[in-house]
Number of protein chains: 2
Amino acid sequence: MKVIIVGGVAGGATAAARIRRLDEKAEITVFERSGYVSYANCGLPYYIGGIIEDSKELTLQTPESFLERFQIKMKVQHEVTAIHPERKIVSVKNLENGQEFEETYDKLLLSPGAVPTKPRLSGMELPQVFTLRTVEDTLRIREYIDENQPKSAVLAGGGFIGLELVENLRELGMDVTIVQQPEQLMSPFDPDMAAFIHGTVRKHGVKLALGHTVEGFVQKEEGIDVLLEDEAPLRADMVILAIGVTPDTHLAAEAGIELGIRGSIAVNDRMETSIPDIYAAGDAVQIKNCVTGRDALVSLAGPANKQGRIAADNICGGDSHYQGSLGSSVIKVFDLTAAVTGINMKTAEQEGIDADYVILSPMSHAGYYPGGKVMTMKVIFEKKTYRLLGAQIVGYEGVDKRIDVIAAAIHAGMKASDLKDLDLAYAPPYSSAKDPVNMAGFMIDNIEEGRLHQFHMEDIEKISQDERVIRLDIRTKMEYAGGHVDGFVNIPVDELRDHLDEISQSRPVYVMCQSGLRSYIACRILSGYGYECYNFAGGYRLYSTIKQDRCLIEKETLCGMDLS
Amino acid sequence: MKVIIVGGVAGGATAAARIRRLDEKAEITVFERSGYVSYANCGLPYYIGGIIEDSKELTLQTPESFLERFQIKMKVQHEVTAIHPERKIVSVKNLENGQEFEETYDKLLLSPGAVPTKPRLSGMELPQVFTLRTVEDTLRIREYIDENQPKSAVLAGGGFIGLELVENLRELGMDVTIVQQPEQLMSPFDPDMAAFIHGTVRKHGVKLALGHTVEGFVQKEEGIDVLLEDEAPLRADMVILAIGVTPDTHLAAEAGIELGIRGSIAVNDRMETSIPDIYAAGDAVQIKNCVTGRDALVSLAGPANKQGRIAADNICGGDSHYQGSLGSSVIKVFDLTAAVTGINMKTAEQEGIDADYVILSPMSHAGYYPGGKVMTMKVIFEKKTYRLLGAQIVGYEGVDKRIDVIAAAIHAGMKASDLKDLDLAYAPPYSSAKDPVNMAGFMIDNIEEGRLHQFHMEDIEKISQDERVIRLDIRTKMEYAGGHVDGFVNIPVDELRDHLDEISQSRPVYVMCQSGLRSYIACRILSGYGYECYNFAGGYRLYSTIKQDRCLIEKETLCGMDLS
């Protein structure tokens, strides 16, 4: 069997090694356009910042090691220029000497990945304008920084790679501004959770210019001007574009392979394309979102590796199936960890799923053991069925743990309220006897059982103006004095029972505390006396974070802004 | 409704607060024998070592806070001395003034916990002999240490609390010896995994005297002699017994409540005892092991809290059910983290479950990102069905994460091989694109698909003596020279294809490498040429750890041993 693989990074490299392990006799050739195979895309930003010191660390394997251990021919600097399915042949160009040749295949795997989305803007060709995707891109940026010692950078786009890069540019002491059209970084998160990410980014001296449209780049005597719609330009020494990636599928398209959304390669769950004996894996393929069942794209290493393994199995006569992705991902944003799995509220709404959520602020580990820190956790479920749909967590220690536990629960089809039953490992340095995941389950169970009624940020304005309702802030007098929502009257929870005569029984009561826990207790007290009660999910802590974020986004002009 | 709760720690305190939240009108009284309620049992060792500085931190709530917020009467220093179910009355003794009185109840919840197992040995009453269970015990030990500045301690028993205490005594600069009859610390682990724990404990200067029986204690002019069977006594300044706990159920027994294994209180999954309107929760009750379906005892805070909540629901007219425990637990042993969920191989064998396992040594996060450390992971499954049965992990960062993910997978009834499909969150500081949990799933999938045949530590001796088999160590020459198993011939994996003519096709080949990964590749190469191949699970790394541990256990005499 002769196998040709197009692309030697995550999906392609994994598949190549797996095919060898399944078939010692197969003839395996990988054509990789760049000069590197099996490189760690996700490590690239950290090489720029010097966290990863040796560029050799970025390549997990070399063509030599692949040949030695796996008898796999890894042809770097080789671009596949055409596929001829009817003849089972690919055309290949050696980029080093320009020679072109043809190769036959029995099975072909496409793992071309994705390319950075490059908008059609003036000045894209300027030497100070970069994108970050390959090892070559990384070396280019690093070299530019080493040689030119830029003092400032504008980053266009605030997704995963962008934010990781920002942290690393700050490590180098550079001034960094993130500019983008969306008013929120990290689109997998809902705006409320993104507000915590924004806060951390700002705290580390990064300027945010959200809601601004880049219109082009102009070379100046010193640096480069980033032109903005309806705003004065932003001046910087270099610009890095990180506005997303696009599946690199021109080869597949030209070969007549059926395409999916946004030009991706359509595959079935065996990673087979529409043409026999051609498989595809990685960032270029269309997959299923496990929660919505809809077609989706994910540019993540985990799915790419899994898909590569599955394609290899099937290429070798097996019958493996890809189950789709939850889009689980995690990112280090300076000292913050932000993680997500499943769908967010924005997606639920788009998909017409009637969803609700809880927000809690548990400690990463037992409060009495030193070093614990608060995380903010949002868990989303379907209203009618209590199906677990997704979660977002921002915090420090233990965020990645809880997202993975919830990812496993979603994968297994668990009900959101059943998170309360998970028997998770507890010791004071690691967790609490009621783990944050259990706590989320308890809260959702209380909603399911009719013991907890919530209201959310989007309800606040209406409620604040509704004269028929009672609004209570049940925190201590000192907390209340430190900031509260207008119209919410202060009665500390421990004095609530003594003040019932001041609260009309005939009107619904909306209760707020700092995190949502004491207000739940207050609601239960009031319910015990016959009141109709609603608890503010996330508490004043969430409210004030969102409010401050929105205010800063509006205030953030691009010159001389003070966000300290 | 008048509710009486016996015991005001984890299960009892949780239930009390939950009952109030469900029923504002209930009259709730908690009788707690000790002077503290809602205290953090699991934090006690850390107070002794000074990691937790203020003893107030150990109590999560006080009687005052319970009264103020929940209108719950927390009667500390009150012992319930008898239950009279026919009259729905309990007899109570005020331990401060000796007064006795009776209290009626509509619903009674027993949450008496467990008491340290005290063997009948001579000298148990000596002032230098302690047990650790309550805040009072902790204060007593701490006070003794502060006043007498003991330089050495013997710890009898090496379970969770014992090991946590050892770490804290070492923090104080004391010489510590652990002595116990079992040849292994931490019985929830299998001996192979316990070997890693032993190694860490020894590395931190703790002497292990495993396989020795304590026969009593004798006061000496300086310190105390711990008498041992067939050995010279051990001299120390103080002794702490931590050989386990026993359900404290004399009250229940005297009231005619049906008992379960080891004198525990039998309950159904609604936490109801055999007598109407009497519930029980916490360390004293018999629960179901979720994996085996058998009756079991667990002394863990997580299950106690869950049971308390469930009992409260049912006391208040709800219908909540406890689903049993996986015994998930985690412990910090100096810099090591050791965690376990589900059942181990010892239990599988006892229960007649035909089980197998994989052992892997993955990095906590991407190898190219600084700070990653190797963990050792054992995942156990049922041979026929590939049902996921349990896991044990020892390592550093990320151990607690992986055990919780696997705990969720077991809870959800996932197949072990399906761990490969979990979509877990990856970024270089947190994980690898193939998470350790996925890796375990890949390995088990390979076994299920017949692509991986293993051999284990217990097979080594037989295989080493079997002249009909071929034994290969496929590590590098340098690794081999650094230590190998006798009889295993060295052919580095990358040279294997060139040496096939030296390996007889007619004989089974047993292959070993450092961790089990390269030997798997070697096995696949050999299989491709028609060989029958077996891979050593865990590699030489596991073999040498176990060997060294066994050797040290045998060598460990109690005087002047050199374990450096």
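# A tour of chains B and A

Begin by selecting Gln71(B), which lies in the loop of chain B between helix H3 (63–70) and strand E3 (72–76); helices (H or I, at least four residues) and strands (E, at least two) are DSSP runs, numbered from the N terminus. The model is predicted, so that local features need pLDDT of at least 70 and side-chain atom pairs count only at pLDDT 80 or more, whereas totals for chains, interfaces and linings use all residues. Residues are numbered from 1 along each chain as its sequence is written, chains are lettered from A and ligands numbered from 1 in the order in which they are written, and side-chain values use heavy atoms, with hydrogens and water left out.

## Loops of chain B

Staying on Gln71(B), look at the backbone, where phi is near 55 degrees, a positive value in a residue other than glycine. Most residues other than glycine have a negative phi. Gln71(B) counts as partly exposed because its relative accessible area is 40%, given that buried means under 20% relative accessible area, exposed over 50%, and partly exposed in between (1.4 Å probe, protein chains only).

Select Asp277(B) next, in the loop between strand E18 (265–266) and strand E19 (278–280) of chain B. Asp277(B), although not a glycine, has a positive phi of about 70 degrees, and with a relative accessible area of 23% this residue is partly exposed.

Then move to Ser38(B), which sits in the loop between strand E2 (27–32) and helix H2 of chain B. Is Ser38(B) buried or exposed? Its relative accessible area is 9%, and therefore Ser38(B) is buried. To display its surroundings, leave out residues up to four places away in sequence and select the residues that Ser38(B) touches, namely Gly8(B), Val9(B), Ala13(B), Leu58(B), Thr59(B), Leu60(B), Gln61(B) and Phe66(B), where contact means heavy atoms within 4.5 Å.

Colour Val135(B), Asp137(B), Thr138(B), Ile141(B), Tyr144(B) and Ile145(B), which are buried in H4(B). The cover over the buried residues of this helix includes helix H2 (44–48), strand E9 (129–131), helix H5 (160–171) and strand E16 (238–241) of chain B. Just after H4(B) comes Gln149(B), which takes a positive phi of about 45 degrees.

The next selection is helix H14 (residues 517–528) of chain B, where 12 residues reach 17 Å from the first C-alpha to the last, close to the 16 Å expected at 1.5 Å a residue. H14(B) is mostly covered, with 9 of its 12 residues buried; among them are Tyr520(B), Ile521(B), Cys523(B) and Leu526(B), as well as the arginines Arg518(B) and Arg524(B). Just after this helix, Gly530(B) takes a positive phi of about 95 degrees.

## Chain A as a whole

Now show chain A, whose secondary structure comes to 15 helices and 31 strands. Its C-alpha atoms fill a box of roughly 90 × 60 × 45 Å, taken along the principal axes. Of the 564 residues of chain A, 62% count as buried, and among its contacts between residues at least 6 apart in sequence, 63% join residues at least 24 apart.

Leaving aside neighbours within four places in sequence, Val92(A) is in contact with residues including Phe31(A), His78(A), Val80(A), Gln99(A) and Phe101(A). A distance drawn from Val92(A) to Arg451(A) spans 66 Å, C-alpha to C-alpha, and the two are 359 residues apart in sequence.

Finish at Gly539(A), in helix H15 (residues 539–555) of chain A, which is likewise buried, at 0% relative accessibility. Beyond neighbours within four places in sequence, the contacts of Gly539(A) are Met512(A), Cys513(A), Gln514(A), Ser515(A) and Gly516(A). Between Gly539(A) and Ser361(A), 178 residues apart in sequence, the distance from C-alpha to C-alpha is 9.2 Å.

Terms used
Expected span 1.5 Å × (residues − 1).
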